[in-house]
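Please take me through this structure stop by stop. Tell me what to select in the viewer and what I will find there.

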Number of protein chains: 2
Amino acid sequence: MSYDKAKVRQILDEVKKAGRDSLTAPEGKIVCDAYGISVPKEGVVSSAAEASKLAGSMGFPVVMKIVSPDILHKTEAGGVVVGVKTADEAASAYDQIIGNAKKYKADARIVGVQVQQMIKGGQEVIVGAMTDPSFGKLVAFGLGGVLVEVLKDVTFRLAPATKEDATSMLDSIQAAEMLKGVRGGDAVNREAVTDIIVRVSQLVSDFPEIAEMDLNPVFASKTGAIAADVRIVVNFEQKPARYRPDEKDVVTSMNRIMRPKAVAVIGASNEAGKIGNSVMKNLINGGYQGKIYPIHPKEAEIMGIQAFKSVKDVPAEIDTAVFAIPSKLVAGALKECGEKKIAGAILIPSGFGETGNIEGQEELQRIGREYNIRLMGPNIYGFYYTPSNLCATFCTAYDYKGSTALSSQSGGIGMAIIGYSRSAKMGVSAIVGLGNKSDIDEDDLLLFFEQDDNTKVIAQHAEDLKDGRAFAEVAKRVSKKKPVIMLKAGRTAMGAAAASSHTGAVAGTDKIYDDVLRQSGVVRAKSLRQLLDFARGVPILPTPKGENVVIITGAGGSGVLLSDACVDNGLKLLKPMPDDLDAAFRKFIPPFGAAGNPVDITGGEPPITYMNTVRLGLEDDRIHALILGYWHTIVTPPMVFAKNMVQVVNEMKEKGKIKPVVASLAGDVEVEEAAQYLYENGIPAYAYSTEIPVEILGAKYQWARAAGLLPK
Amino acid sequence: MSYDKAKVRQILDEVKKAGRDSLTAPEGKIVCDAYGISVPKEGVVSSAAEASKLAGSMGFPVVMKIVSPDILHKTEAGGVVVGVKTADEAASAYDQIIGNAKKYKADARIVGVQVQQMIKGGQEVIVGAMTDPSFGKLVAFGLGGVLVEVLKDVTFRLAPATKEDATSMLDSIQAAEMLKGVRGGDAVNREAVTDIIVRVSQLVSDFPEIAEMDLNPVFASKTGAIAADVRIVVNFEQKPARYRPDEKDVVTSMNRIMRPKAVAVIGASNEAGKIGNSVMKNLINGGYQGKIYPIHPKEAEIMGIQAFKSVKDVPAEIDTAVFAIPSKLVAGALKECGEKKIAGAILIPSGFGETGNIEGQEELQRIGREYNIRLMGPNIYGFYYTPSNLCATFCTAYDYKGSTALSSQSGGIGMAIIGYSRSAKMGVSAIVGLGNKSDIDEDDLLLFFEQDDNTKVIAQHAEDLKDGRAFAEVAKRVSKKKPVIMLKAGRTAMGAAAASSHTGAVAGTDKIYDDVLRQSGVVRAKSLRQLLDFARGVPILPTPKGENVVIITGAGGSGVLLSDACVDNGLKLLKPMPDDLDAAFRKFIPPFGAAGNPVDITGGEPPITYMNTVRLGLEDDRIHALILGYWHTIVTPPMVFAKNMVQVVNEMKEKGKIKPVVASLAGDVEVEEAAQYLYENGIPAYAYSTEIPVEILGAKYQWARAAGLLPK
């Protein structure tokens with residue numbers, strides 16, 4: 001695609017010079033022409049006679065519209081006449097429009113009346129672009145008219161959008177079916193529509209001063225797509241781009257911070273109950289093997305370790321400094337850390353942005369930038385990095401090592417993460433508090449965890465993204481390698497208001513987050529518990545090799561609910577079950593067991609029936625994932641079932657048959673122990689729930705599809 | 001409203017006589033006229049000349065349409081010309097339509113061409129009616145065109161619909177906003193639209209042979225609503241109405257069954273592992289105080305109790321007989337139960353409908369009807385009724401008494417209910433297995449629990465409703481007194497297929513279930529776990545007296561997620577917080593605590609801050625419900641928080657300040673114990689979840705609104 005950037009630059013310069021904040025329709029047409037965006041034939045006239053003549057030359061019907069820099073909402077001003085069919089009608093329409101415009105705004109500067117070829121037929125769609133404070137330039141697509149206005153059926157992508165992004169937009173709206181032709185109508189030309197989307201997204205990316213752009217409507221037909229109306233709003237006051245260190249530098253710093261050889265505790269204390277005491281205890285009791293340097297103005301020793309008055313007095317390199325001092329002392333100590341070339345400051349203290357002390361927080365940011373020291377927080381619980389046995393926090397030590405890295409913006413949510421993890425014995429590699437996010441944020445963590453071999457999945461709670469674009473760009477790459485899961489709080493207007501009162505975060509509309517996170521391959525959790533369940537289950541499931549899911553259940557009732565859950569979570573049941581496979585399953589189950597999928601082995605079956613059918617499900621290459629529905633009976637007690645399932649899965653694993661398996665357990669309280677056993681042995685399993693195990697499998701699939709690991 | 005039933009009867013008789021299964025357009029018009037449903041002026045012509053004349057007399061433009069009993073899809077046949085503007089155009093349209101019709105179907109009987117006044121402007125809507133196998137006559141409403149066809153944006157109610165039902169339909173569609181006028185358009189006349197809905201629903205109720213009716217489109221404008229096209233399909237083969245005993249008889253039987261003075265166990269056994277042995281053990285160990293009569297062909301005594309060869313040998317009245325014998329022996333024993341005038345047979349045995357033995361099941365149904373003995377099952381685990389210490393089941397005894405009555409169609413789901421209930425120490429009044437539902441079904445249970453003072457909430461799992469209409473009618477009344485909660489499995493096409501292979505149930509479309517359950521005041525659970533959480537939490541919450549919810553939280557992060565959950569669950573936060581109330585809260589919290597709602601008391605506050613703010617929330621009459629967000633700190637440990645909250649709630653209760661309170665606990669594992677304590681003391685509380693407690697409060701509100709206990 002070739003674009004005439006010079007032409008657009010010229011128009012924008014003129015608009016800027018004139019001090020205007022929007023383009024006239026003719027200017028819009030020139031810009032569209034320069035970027036190869038189809039628009040109707042048109043011209044501007046200054047008299048009724050000219051109107052008749054021009055309209056006649058382009059063929060009737062035509063649309064006529066007021067051209068005035070002072071009238072943005074033309075219809076409201078009575079400045080639009082559609083369906084002008086003759087030269088005489090054109091003349092009288094001219095007079096009518098000028099008359100209305102003067103009535104609407106007596107002092108409006110009137111350039112003339114635009115006469116435009118009237119495009120009819122096809123499907124009305126809308127292509128637009130906007131500027132989001134967090135994500136920057138976005139391109140939008142929806143169906144014209146009420147569908148966008150009433151149902152808000154619109155989808156967004158980061159601009160510039162690739163052809164693939166644009167194509168995905170056509171399928172992302174609720175009314176996608178409309179584009180395929182309904183009631184015998186023609187399907188729209190998808191190429192032509194995606195072409196416009198790509199061009200618009202490139203235009204706003206090339207010219208950041210284009211704040212908003214609307215092509216509404218675009219008439220999309222079998223043969224092509226033409227934008228019938230163009231509206232472009234500009235803003236020449238660009239806010240400076242957010243500072244982002246080089247990715248390599250981020251990784252270097254983050255590696256020093258998260259895997260330090262030496263940690264200083266500023267405000268270390270011998271006094272129980274003090275944060276500086278808790279941090280020291282956690283470092284020591286957590287089993288951290290690096291050097292610990294307590295910093296204290298007076299004490300010679302803290303908890304038996306030699307203390308120093310300042311980090312500058314420490315006769316060795318320090319990587320990470322944990323702050324446990326009052327807010328007013330932080331800036332001074334941070335400077336010393338900078339001079340000591342410490343990589344990162346873990347700013348536990350509160351009393352900054354969250355209490356309205358914006359200046360204090362900005363001072364820390366300035367010091368951080370000046371000395372190239374990265375800041376975590378302030379207003380956080382600290383962080384855990386289990387591969388180093390590092391508990392750099394005042395919370396209790398965490399001891400189940402594993403491959404999930406979690407983070408939270410809020411301390412309360414962080415505590416919930418710690419509690420759930422411990423209760424479920426979830427193995428984690430890290431738990432990180434981000435708090436006010438004065439510096440280190442979600443994308444810094446992504447960059448670290450991307451190259452951290454101890455981490456297999458990244459689960460984050462966020463109330464806002466300070467730099468949504470940076471996050472999306474990093475997430476798009478990282479999510480190809482490791483699942484990235486996000487709970488975005490403040491989804492609703494009420495939630496966003498709460499977020500704003502809480503952290504000063506400005507929440508974008510949720511639909512934008514939804515679309516951009518999906519575009520970036522991020523799996524979105526719907527709730528706190530789901531974030532935690534995904535964090536626990538997704539990393540232990542192997543990646544499926546195809547879409548064919550089979551349910552094997554002892555309880556028909558579970559089979560029904562599991563099937564519902566498959567649909568809800570975008571999973572595809574292998575259906576119809578191939579005849580030979582159906583026959584093979586039938587061999588193992590009673591004659592009245594249900595055919596097909598779910599494989600209903602019926603209640604009251606002995607352990608061998610579960611084993612035979614699950615073994616078959618793992619063995620056959622046409623099946624890619626299994627969902628088990630267990631029904632507690634005397635014949636097959638819960639722990640017997642659990643141990644048998646683990647045995648079969650391991651046996652098949654040795655033969656190279658590695659597939660995701662999840663389980664739903666219906667039964668008396670003993671199923672809780674069985675579920676825990678299954679989980680600890682690689683089979684995410686839940687008692688009294690048919691939906692949660694399927695949601696976890698659904699999350700794994702969603703990630704695998706976005707990462708390109710499954711056929712589309 | 002007055003209806004000319006005789007006129008409709010006459011038309012339908014003619015259609016029946018002619019052996020047709022649909023009405024012609026003129027017949028449709030007569031039917032509409034008879035029921036006061038507005039339709040355009042029209043007439044049928046048999047020549048081009050007549051067409052010109054008639055069209056001229058009613059005023060242009062007109063629409064012209066083929067009239068033929070053999071052509072149902074007129075547009076497809078080229079049998080429709082719209083926008084006929086002159087007498088000449090009318091003549092040529094006539095010829096064109098007749099020509100097309102002959103081409104489309106050479107042997108079509110052609111009655112003539114209908115000339116119809118063309119209605120324009122306003123909003124196109126659709127009003128329709130249909131016959132559902134479970135719910136019977138339903139009336140449907142949606143927006144015309146693509147909104148119904150592509151987005152399936154349509155809503156249903158049981159016919160006949162009241163004016164209130166009809167009004168609620170206008171607000172139940174996604175695009176409800178359209179009816180209020182968009183882009184400066186007029187709002188539609190809601191009276192006129194609801195009037196048509198009510199009339200259509202009455203028509204199909206009065207004439208069950210009307211199988212389907214479509215008014216599409218109906219043009220709804222500021223001034224009125226006119227149906228531009230009418231399609232009526234008839235079916236004169238009515239299936240006989242399902243037998244339903246009189247409600248009083250149902251209650252009499254169910255009371256005897258559920259609260260029996262004497263229970264027989266048919267197939268009682270001394271042999272451990274046998275179902276008849278488990279049932280005996282459960283009856284005895286469960287503490288049932290009535291008479292137990294073991295029935296066994298040979299044994300003189302079972303578990304120390306005198307046995308009989310047949311129920312007929314028992315020298316006293318028996319209310320309930322629990323069957324624990326092979327399927328082939330059931331019919332014989334059931335007859336004896338009938339002769340003994342036993343009220344109900346608990347048919348645990350499988351081997352009937354679910355294995356394809358339809359005949360065997362029908363035989364039981366015949367016997368049941370003949371002897372007036374009600375059947376529970378077959379293919380069930382039995383039932384528990386805790387107020388009588390009655391465990392008439394082979395599952396383990398259940399011992400937490402309470403006020404929730406649960407039932408399940410599936411045995412597996414029943415086991416999950418038992419397990420969850422025991423694990424959560426949920427107090428239940430009953431757990432009932434319905435299995436194949438050969439007789440006793442969900443509405444029988446509703447009738448029993450309605451008048452059972454031991455039951456405060458009814459929670460049911462169902463895969464189908466054999467008689468959705470009967471259920472809806474009973475539920476509508478019962479739900480005014482006690483919350484009725486339903487998990488409807490087989491929501492999705494795949495789930496419905498699984499349900500059908502499992503129990504032979506034919507699932508209706510889920511949207512119908514959704515609308516009719518809501519119309520009946522039933523709260524629908526989205527998942528198994530949600531059914532269980534609702535069953536546990538809803539009965540212990542007092543009914544709120546108004547809509548104003550306030551969140552009080554120690555963790556700002558929880559406040560954001562709790563706010564999101566409020567929106568998701570239809571709860572209204574008190575906003576803006578009245579100035580005096582805001583000031584009153586502020587007195588108790590640090591200066592940097594967040595204003596408004598959520599009340600963010602900030603982390604690290606002592607117990608007294610939680611107590612003061614919660615006390616204020618309970619005291620002030622402008623606040624109707626509280627959501628608490630707890631953050632685990634050393635200053636306020638979990639159990640201290642829990643005990644304090646219970647103390648404050650009880651203290652205010654004594655002062656008559658009774659409000660629903662739920663809690664979300666973020667913290668280390670100790671919060672689990674605190675949540676359990678809170679729950680057991682009247683505050684539904686969850687660890688590591690911000691959404692579940694809010695969902696429970698939302699369910700209580702949804703019920704209270706539907707029951708008319710809250711201002712609308």
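Which side chains meet in a salt bridge with an N to O distance of 2.4 Å? Select A:Arg491 and B:Asp568: their side chains form that bridge. A salt bridge here is a side-chain nitrogen of Lys or Arg within 4 Å of a carboxyl oxygen of Asp or Glu.

Before moving on, note that this is a predicted model, in which local features need pLDDT of at least 70, side-chain atom pairs count only at pLDDT 80 or more, and totals for chains, interfaces and linings use all residues. Residues are numbered from 1 along each chain as its sequence is written, chains are lettered from A and ligands numbered from 1 in the order in which they are written, and side-chain values use heavy atoms, with hydrogens and water left out.

**Stop 1**

A:Arg491 sits in the loop between strand 23 and helix 15 of chain A, and B:Asp568 belongs to helix 18 (residues 556-568) of chain B, so the pair crosses between chains. Helices (H or I, at least four residues) and strands (E, at least two) are DSSP runs, numbered from the N terminus. A:Arg491 is partly exposed at 23% relative accessibility. B:Asp568 is also partly exposed, with a relative accessible area of 45%. Buried means under 20% relative accessible area, exposed over 50%, and partly exposed in between (1.4 Å probe, protein chains only).

**Stop 2: the interface of chain A and chain B**

Now select the contact residues. Contact means heavy atoms within 4.5 Å. On that rule, 77 residues of chain A touch 77 residues of chain B. The area buried between the two chains is about 5800 Å², and carbon and sulfur atoms give 66% of it. Buried area is the accessible area (1.4 Å probe) that two parts lose on being put together, summed over both. Highlight A:Met494, A:Arg529 and A:Tyr688: they supply 12% of the area that chain A buries against chain B, more than any other three residues.

Across this interface the rule finds 4 salt bridges. One joins B:Asp668 to A:Arg422, with the closest N and O atoms 2.8 Å apart.

Elements giving two or more residues to the chain A side include helix 12 (411-424), helix 15 (493-503) and helix 23 (691-706) of chain A. Helix 18 of chain A gives the largest share, 11 residues.

**Stop 3: B:Ala674**

Is B:Ala674 buried or exposed? B:Ala674 is buried, with a relative accessible area of 0%. Its place is helix 22 (residues 670-680) of chain B. Show its contacts: B:Pro638, B:Met639, B:Ala642 and B:Leu665, not counting residues up to four places away in sequence. Its C-alpha atom is 8.2 Å from that of B:Lys643, 31 residues apart along the chain.

**Stop 4: a strand in chain B**

Select strand 12 (residues 291-295) of chain B. Of its 5 residues, 4 are buried, so this strand is largely enclosed by the rest of the structure. Strand 11 (residues 262-266) of chain B pairs with strand 12 of chain B in the parallel sense over 5 bridges. Two strands pair if DSSP finds at least two bridges between them. Within strand 12 of chain B, B:Pro294 is the bridge partner of B:Val265.

**Stop 5: A:His296**

Go to chain A, to the loop between strand 12 (291-295) and strand 13 (301-302). A:His296 is there, and A:His296 is buried at 18% relative accessible area. A polar atom of its side chain lies 3.1 Å from the backbone nitrogen of A:Glu299. A:His296 also touches A:Ala268, A:Ile302, A:Phe308 and A:Lys309, not counting residues up to four places away in sequence.

**Stop 6: salt bridges within a chain**

Select A:Glu209 and A:Arg9. Their closest N and O atoms are 2.8 Å apart, in a salt bridge. The pair links distant parts of the chain, 200 residues apart. A:Glu209 is buried at 10% relative accessible area, whereas A:Arg9 is partly exposed at 31%.

Finish with B:Arg586 and B:Asp582, whose side chains meet in a salt bridge (3.5 Å, N to O). Both lie in helix 19 (residues 579-588) of chain B, 4 residues apart, about one turn of the helix.

Technical notes: A polar contact is a pair of N or O atoms within 3.5 Å; within protein, one must be able to donate a hydrogen and the other to accept it, and residues adjacent in sequence count only if both atoms are side-chain atoms.
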